[in-house]
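Here is a short tour of a protein chain for anyone who likes to keep a structure viewer open while reading. Have a look at the picture first, and then follow along section by section.

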Amino acid sequence: MSKTDVLMTAPMMPIVIEALDEAFNLHRLWEHEDREQYLSEIGPRIRGVATSTLYGRMDAALFERLPNLEIVSSFGVGYDNVDVTEAAGRSIIVTNTPDVLNDEVADLTLGLLLATLRKIPQADRYLREGRWLEAPFPLSPTLRQRKIGIVGLGRIGKAIAKRLEGFDVSIAYHGRTRQEGVAYAYHPTLVGLAEACDVLVVITPGGASTKHLVNADVLKALGPNGVLINVARGSVVDERALIEALRSRTILTAGLDVYEDEPRVPQELIEMEQVVLLPHIASGSVHTRNAMGQLVADNLIAWFEGRGPLTPVSETPWNGLTKS
């Protein structure tokens with residue numbers, strides 16, 4: 001029996017490639033210089049796709065080239081790299097990799113928050129440059145008595161909040177609706193949350209609905225003692241407004257793991273001594289990335305074995321029935 005044809009749009013970790021190579025006839029799009037010609041040749045045979053943000057956005061133009069596509073398995077908990085509305089209209093299932101990265105991202109978020117407040121990278125540079133021999137490192141801000149606002153209290157947001165409870169800080173949140181069974185204070189508007197808190201931790205999904213959700217008004221409400229931590233998507237924060245808020249001391253500082261035009265980071269941010277910048281590594285451990293990669297493969301394998309997708313996103317038309 002011939003194997004099902006599956007397309008991988010960009011390189012993934014060996015664990016994904018090996019699993020898909022064994023289960024399917026795997027086509028590697030990135031290995032072909034003339035990708036349009038290659039898609040013309042194999043497109044009608046492709047029934048599944050493994051993709052990630054490394055490829056860019058999967059949209060109607062690509063779906064047109066893959067008329068028999070049934071499922072897109074996307075690497076990452078965020079899936080704004082796939083036009084899910086277009087996929088749903090074509091009865092294409094989209095899956096992501098939730099849960100397996102919750103703890104890793106939550107751990108990194110706490111590390112980034114502490115590094116930003118206590119100026120850990122700056123202190124490291126201070127020592128390496130021999131400046132401790134001249135004078136003690138200046139005193140830093142603190143996490144003590146901070147009021148933390150979480151923007152997006154989903155799975156990862158809750159994992160972050162659970163860790164923050166151990167630091168004896170006040171916790172509140174903003175989302176589209178108040179959540180049942182959640183003890184943290186709810187704010188129906190983001191400006192209201194920013195006014196009530198002096199740290200905003202952004203962990204809401206990306207996409208058009210949250211583009212520039214954190215804007216100049218929100219940063220102004222956060223105030224001159226305010227700290228912004230973004231481990232969501234770069235698009236959620238108006239980067240130009242953030243740069244201006246940092247320059248004018250409208251807020252105190254920021255810790256960023258994501259940017260609007262990754263991997264390009266504005267030079268203005270790079271030159272700011274008070275901010276902490278990471279290269280999108282929140283889930284970037286060997287353990288967690290392997291678990292995410294395995295889930296990419298497992299979604300495709302489960303679908304074509306007739307067991308249904310393991311982690312379908314809510315916007316695409318999975319009805320719970322096994323594949324015939």
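## Ground rules

Helices (H or I, at least four residues) and strands (E, at least two) are DSSP runs, numbered from the N terminus. The model you see is predicted, so local features need pLDDT of at least 70 and side-chain atom pairs count only at pLDDT 80 or more, while totals for chains, interfaces and linings use all residues. Residues are numbered from 1 along each chain as its sequence is written, and side-chain values use heavy atoms, with hydrogens and water left out.

## Two domains and a record

The domain assignment of the protein gives domain 1 (5-96 + 287-305) and domain 2 (102-277); such bounds come from an automatic or database domain assignment. The centres of the two domains, taken over C-alpha atoms, are separated by 33 Å. Domain 1 brings 6 residues to the contact and domain 2 brings 5 residues, where contact means heavy atoms within 4.5 Å.

From UniProt comes the feature "domain: D-isomer specific 2-hydroxyacid dehydrogenase catalytic" (unreviewed entry), placed at residues 7-313. UniProt positions are given in the numbering used here, feature names are shortened, and annotations may be inferred rather than shown by experiment. Over residues 7-313 the chain is 37% helix and 15% strand, with the end C-alpha atoms 20 Å apart.

## The nonpolar cores

Buried means under 20% relative accessible area, exposed means over 50%, and partly exposed is in between (1.4 Å probe, protein chains only). A nonpolar core is a set of buried Ala, Val, Leu, Ile, Met, Phe, Trp, Tyr and Cys residues joined through side-chain atoms within 4.5 Å.

The largest nonpolar core has 50 residues, and those with the most contacts inside it are Met8, Leu20, Ile150, Ile160, Leu164 and Leu300. Because domain 1 and domain 2 both give residues to this core, it lies between them. Another core lies apart from it, with 29 residues, among them Leu190, Ala241, Ile243 and Ile251. Which residues does Leu20 touch, not counting residues up to four places away in sequence? They are Met8, Leu26, Ala50, Ala297 and Leu300.

## An open sheet and its helices

An open sheet of 5 strands runs in the order E2-E1-E3-E4-E5, with parallel pairing; two strands pair if DSSP finds at least two bridges between them. Strand E2 (25-28) and strand E5 (93-95) stand at the edges with a single partner strand each, so one side of each is left without a neighbour in the sheet. On average, neighbouring strands of this sheet are turned by 20° against each other, direction ignored. Strand E4 (residues 71-74) and E5 run parallel and are joined by 3 bridges; Ser73 has Thr95 in E5 as its bridge partner.

Helix H1 (residues 14-23) packs on the sheet, touching strand E1 (5-8), E2 and strand E3 (46-51), and its direction makes about 135° with that of E2. Helix H12 (residues 286-304) also packs on the sheet. H12 touches E1, E3, E4 and E5, and its direction makes about 160° with that of E4. For these angles, axes are lines fitted to C-alpha atoms, for helices over the stretch in contact, and values run from 0 to 180 degrees between N-to-C directions. In H1, Val16, Ile17, Ala19 and Leu20 are buried, and what covers the buried residues of H1 includes E1, E2, E3 and H12.

Strand E6 (residues 147-151) and E7 run parallel, joined by 5 bridges, and Gly149 stands opposite Ala172 in E7. In strand E7 (residues 170-174), 4 of the 5 residues are buried, so this strand is largely enclosed by the rest of the structure.

## Loops worth a look

Most residues other than glycine have a negative phi, and most peptide bonds are trans. His212 has a positive phi of about 55° although it is not a glycine, and lies in the loop between strand E9 (199-202) and helix H9 (216-222). At 26% relative accessibility, His212 counts as partly exposed. Arg249 has a positive phi near 60° and is exposed, with a relative accessible area of 65%. The peptide bond from Glu262 to Pro263 is cis, with omega near 0°.

Leaving aside neighbours within four places in sequence, Thr204 is in contact with Val151, Gly152, Thr210, Leu213, Ala232 and Val236.
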